[in-house]
Amino acid sequence: MIDSTHRGGASVAEMLVPLDPESPEPLHRQLYRFLKDGILAGRFAPGSRLPSTRSLAKGLAVSRNTVLAAVGQLTAEGLLEGRVGSGTRVTDHLGKRRCPSRQHAPRQETLLGDRKPAPPTLPRPFTLGVPALDLFPTKQWARIAGRRWRGVSPQALSYGNRLGELHLRQAITEHVQRTRGITADPEHVLIVHGAQQATDLVIRAIISPDDDVWLEDPGYPEAAAAIQANGGNLVPVPVDSEGMIVGQGLALAPNARVAYVTPSHQYPTGVTMTLERRVDLLAWASDADAWIIEDDYDSEYRFRDRPLLALRGLDDRDRVIYLGTFSKTIAPSLRLGYLILPAALAGQVHRLHAATDHSPNTVDQLILADFIHEGHFARHVHRMRQEYSRRRDALIASLRSELPTLEGDLPSDTGLHLTLPLPTTLPDTEVVKRAARAGLAVAPLSQYYRGEHHENGVVLGFGCVPVEAMPMAVGVLANAVRKVGASKGVTC
Ligand SMILES: Cc1ncc(COP(=O)(O)O)c(C=O)c1O
């Protein structure tokens, strides 16, 4: 199947690929596993070339999407690489890194019985909210973690400061002052396990059952879940190209207790809230004695110009509760985020927090604080901003070449995802189902709406898709779009 003759390996053109259409494991996963095992075990030599995806699909009697999904994943993992003019090849530099053969299987296999541990894989292409985990700053993190753990004090192993480590809270206040225009007292910063815990905590602290809560429409489902779980009455407020339409919120529920917004990078449409809307929103909160939750989940990644000032940076009446997270800038599994609280709310939120949890792992907080203080965080964010800009450009270029008829205005100045609008004749839920069968993890825009109006499109997380894997991943998506189009009589 793979032409390895020029490297001296046996030709594997006649190799049988054991694909089982009856297996609960999708065909693309079976093919992916077969190829991966072959590459890692050295059966397919570094540098050897794969047949074209079309001829592979034909030879294996599977759809091209199946082949594209398997090849795309292996490209994303760095085991295959695409070269212009010479097709897809097994990565050259694998020679030294190959896994031991089965005869020399690691002892772990024996300990686990006959089951082989699952190989580490990247998230499925376009998974939302997942950053470039392949570029996690392992070296610097491990060095600081080693130092912190070697010198760990009994104090760091005991219950930590209820608000979070002061060292980290100070690092955060300096960071938001420099990058977001926010002046905050470390006493008003609360370290939590991420934006999700922060949302639940403040909603619980503020609202009484049946209080109205404005939520952007379309909006972040996990925020809606936290509001509803705490008895809030969700009021979906439409979003246009300027962000939440504050006037509509006023018409729908002027006495709402809270508004939850993502002003830097609206989730999921990607628009940035204009200054005019920000001023309107702040004026409403002040007049109505209401609160604003500003979820600033990925504003570090603004590509064209400098990050905008946060809403909290404009707030001279202390109405904005600011949520920051390290899930996008470092890694979601770190589970570290923070709240910057208005002075009038701090005591109440601290008491509720103390009743439900202690602060996150102290040593992790100290490692993160060092990482920020020593300048690694700013450098990492800078490097990642450049990388995400490349990934976004690669996504847009591939979309333009694969689906030229759909090319429209793609709001993509910030963050790790963008939304590709689809005509209403192409239901996004069908495209997403088809794409999922081919191994992608895209989301249907229509499902983020709660009001009567729905737009149609697919939301694509490009943060976790390396540039080299983008054409393949977009190829799979475009095939799914074309297939749904063909079933509806639409050409795209
Ligand atoms: C809108 C929004 N807010 C917040 C988060 C981050 O949540 P957490 O800090 O709990 O990981 C995400 C992650 O995808 C998000 O999309």
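This talk walks through a few helices of one predicted model.

Some ground rules. Residues are numbered from 1 along each chain as its sequence is written, and side-chain values use heavy atoms, with hydrogens and water left out. Because the model is predicted, local features need pLDDT of at least 70 and side-chain atom pairs count only at pLDDT 80 or more, while totals for chains, interfaces and linings use all residues.

The overview, then. The protein has 17 helices and 13 strands. Those are DSSP runs, numbered from the N terminus: helices are H or I with at least four residues, strands are E with at least two. Of the 492 residues, 53% are buried, meaning under 20% relative accessible area with a 1.4 Å probe, protein chains only. Now contacts, which are heavy atoms within 4.5 Å. Among contacts with a separation of 6 or more, 72% are between residues 24 or more positions apart.

Next, helix 7, residues 166-180. Helix 7 has 15 residues and reaches 20 Å from its first C-alpha to its last, close to the 21 Å expected at 1.5 Å a residue. The expected span is 1.5 Å times one less than the number of residues. Its buried residues are L168, R169, A171, I172, T173, H175, V176 and R180. Their cover includes strand 3, helix 12, strand 9, strand 10, helix 14 and helix 15. Just after helix 7, G181 takes a positive phi of about 70°.

Is R169 buried or exposed? R169 counts as buried, because its relative accessibility is 1%. Leaving out residues up to four places away in sequence, R169 touches N161, L163, G164, P186, E187, V189 and I191.

On to helix 14, residues 362-373. Ten of its twelve residues are buried, so helix 14 is largely enclosed by the rest of the structure. Among the buried ones are L366, D370 and F371. The buried residues pack against helix 5, helix 6, helix 7, strand 3 and helix 15.

Last, a helix pair. The axes of helix 8 (residues 195-206) and helix 13 (residues 343-356) come within 9 Å and cross at roughly 115°. Axes are lines fitted to C-alpha atoms over the stretch in contact, and angles run from 0 to 180 degrees between N-to-C directions. The two helices are therefore roughly perpendicular, a term covering 65 to 115 degrees. Helix 8 contributes Q197, L201, V202, R204, A205 and I206 to the contact, and helix 13 contributes L345, Q348, V349, L352, H353 and T356.

Note on methods
Parallel < 35°, antiparallel > 145°, perpendicular 65-115°, else oblique. Buried < 20%, exposed > 50% of the residue type's maximum accessible area, 1.4 Å probe, protein only.
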